[in-house]
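Notebook open, structure on screen.

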Amino acid sequence: MREPSYVWGHFTKVTINGELKAKCNHCQAKLVASGHNGTSHLDRHLKKSCKAKGVPSVLDSLQKTLSVTRKDNGTSCIETREFDLIVARQKIATLVVKHELPLNFVEYEAFRDLMSYANPLVKNLSRNTLKSEIFKLYQAEKAKAMALLENNDSRVAITTYMWTASNQKKGYMVVTGHFVDKSWRLLFIYLPAPHTAEFLSEAFFKCMLDWNVDRRISVVTLDNCSTNDAMVDRLMGLSPADSMLMGGNFFHMRCVAHILNLIVKDGMKVIEEWIKKIRDSVAYWTGTPKRVETFEMAARQLQVKCEKKLVLDCVTRWNSTYVMLDIAVKYKIVFSRLQQRDKHYTFLPTDGEWEMAEKMLEYLLLFYSMTELFSGTQYPTSNLFFPMICEMRINLDEWDLSSVPVIREMAGQMIMKFDKYWAQIHGILVMAVILDPRFKMQLVNYYFPQLYGEGAANEIQRVRNLSNDLVKFYEIKSGNVSDAVVGESSSADVRFNFNLGTGCKFFDIKKFEAFASQNSETIVSKSDLERYLEEPLIKSTSDFDILNWWKVNQGKYPILAQMAKDILAIPVTTVASESAFSTGGRVLTPHRSRLHPMTLEALMCTQHWLWANSKGWNINNVQNNWFSKILESEIFNGEEFVDEDESGPQVLE
């Protein structure tokens, strides 16, 4: 059997008015494609007649070249292959996108000289042609993401974050979706979209419509500002109530990382004067290369066993202050020695202030660990929220009874801020703990007596009612309604008030497991939830994978498994959205400050996808940056747009 002619790699068969034609993939010319005409005329077109701008002759692109192929066993062999200039263009576009190179990189004389030396068949690319290739790459990767999302049946949890490009003075908003796919892999997807509540809500909702997830949102996690609160109110009005989880009662969730930041910053105001001395000391000895060298030399002479360098904090992020203090206290003897050498260094903390800083680090370690834990994007965080937030409140109550006045004052400030934001706890996150087979209702039974005292029984019953209501909601949506008994409706009031309590500083899993073994329950099985709660708790191990557990047990608990897909995908912070713009400052440099938002979108989003693919983060892996959409804060009319790169204005072809 004869092999098909190479020309069919460059033509597509189409039917026009009942006649079979061959359409050129490069210039869109339509030639006869009937069998008796052969392919010689198609070959001549490719070699001589194709006039597509920038498309080299196919005769050149099909030249054979030698290439070294590495085999799995480590050996290499030399083979011939066809050199395809179309593939070469794609690879150049990939190079520019992944490594944040300027768009006129392809016009550099040295680059063109290198490419000419490596392969004379490579034709020079212009900046505009490269841009066109980048958009083709972006659209191809976007299509893959769309297909993945369309084939997924779980809800999408949303986080957002605002970013202002300093070189453009324009605002951007990233919208990140988190979901669990059919393989029970946790994925997160970038939909980068600008600053009034009205404009934000419209841009957000349009983004949801574009990706067809407007009726599949579980919650929206936002940081704590009045604009976001107003935006949520508008979104609630735009979205039909029957499309939202439990009628929208769980729609809005505040970012835990921002809440922790506010709580701890209020507490640290008590010791701000001491912290300022340490901050000024770090700033002084990291201010110039000469001072850094002097400090490091003194540390070596004093044989200080700390390999970390001094780091100045960002005053708006308390965890960076914790890191600064943690490193600085290890060098306190060095600061003391250097004061004797440098008369300009006049703000050395006293021994008592160093001692208090060390004590504060012990107390704040819990909050720092919680911030790090909740900021993860490569594992579920919703099931971790409830026990840690309970431990936070219990520890604050313990500190409030301290014999040290400063600790009591700090605890009082933190409790006031805690009560402001966490007087009510998000009911959906209590459900996330119940869906963790290591905890179930036993963790609620364990903590609520410590938090509510005599009122614990009523609060526990409210959790049971909520769980029954949620199961009933999913059963109705799936068309599989059971006869399970539903308690008094809790959907209208799904938040839980905290009371005072006492306890240990960290969550003691052994203490909880001992409690659970003594307080096991026997339930007459009536529903997925009741059968699930009747089963013994799973032993907690360091490598426990909650998503894998539900993947294995989804046949046993189908309704709960669907709930787990939606609830365990909920992120408790906006960190994933913030990380979308981690490369923004490098993409929009002072020399590239006039890139159009659509070009910026294509560069940033495609970069995420390409790096994910090269690292093996595809649909068969757990962590993904799947798709993005950027909307700039000024309305764009969708017509031909202008980019002004390093060398001046350019129009996209």
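I started with helix H22, residues 558–567: 8 of its 10 residues are buried, so this helix is largely enclosed by the rest of the structure. A reminder to myself that this is a predicted model.

Which residues of H22 are buried? I noted down Ile559, Leu560, Ala561, Met563 and Ala564, and then Lys565, Asp566 and Ile567.

Next entry: helix pairs. I kept in mind that two packed helices are described by the angle between their axes and the distance between the axes.

Who makes the contact? On the H16 side I found Val430, Val433 and Ile434, and on the H17 side Lys440, Met441, Leu443 and Val444. Sorted by class, that contact has 6 nonpolar residues, 1 charged and no polar ones.

Then I looked up H17 (residues 440–452) against H19 (residues 509–518). They pack at about 105°, and their axes are 10 Å apart. Angles of 65 to 115 degrees count as roughly perpendicular, so that is how H17 and H19 lie to each other. H17 brings Gln442, Leu443, Asn445 and Tyr446 to this contact, while H19 brings Lys511, Phe512, Phe515 and Ala516. By class I wrote down 5 nonpolar, 2 polar and 1 charged residues for H17 with H19.

Methods: Residues are numbered from 1 along each chain as its sequence is written. This is a predicted model: local features need pLDDT of at least 70, side-chain atom pairs count only at pLDDT 80 or more; totals for chains, interfaces and linings use all residues. Side-chain values use heavy atoms; hydrogens and water are left out. Axes are lines fitted to C-alpha atoms, for helices over the stretch in contact, and angles run from 0 to 180 degrees between N-to-C directions. Helices (H or I, at least four residues) and strands (E, at least two) are DSSP runs, numbered from the N terminus. Angles under 35 degrees count as roughly parallel, over 145 as roughly antiparallel, 65 to 115 as roughly perpendicular and the rest as oblique. Contact means heavy atoms within 4.5 Å. Ala, Val, Leu, Ile, Met, Phe, Trp, Tyr, Cys and Pro count as nonpolar, Asp, Glu, Lys and Arg as charged, and the others, Gly among them, as polar. Buried means under 20% relative accessible area, exposed over 50%, partly exposed in between (1.4 Å probe, protein chains only).
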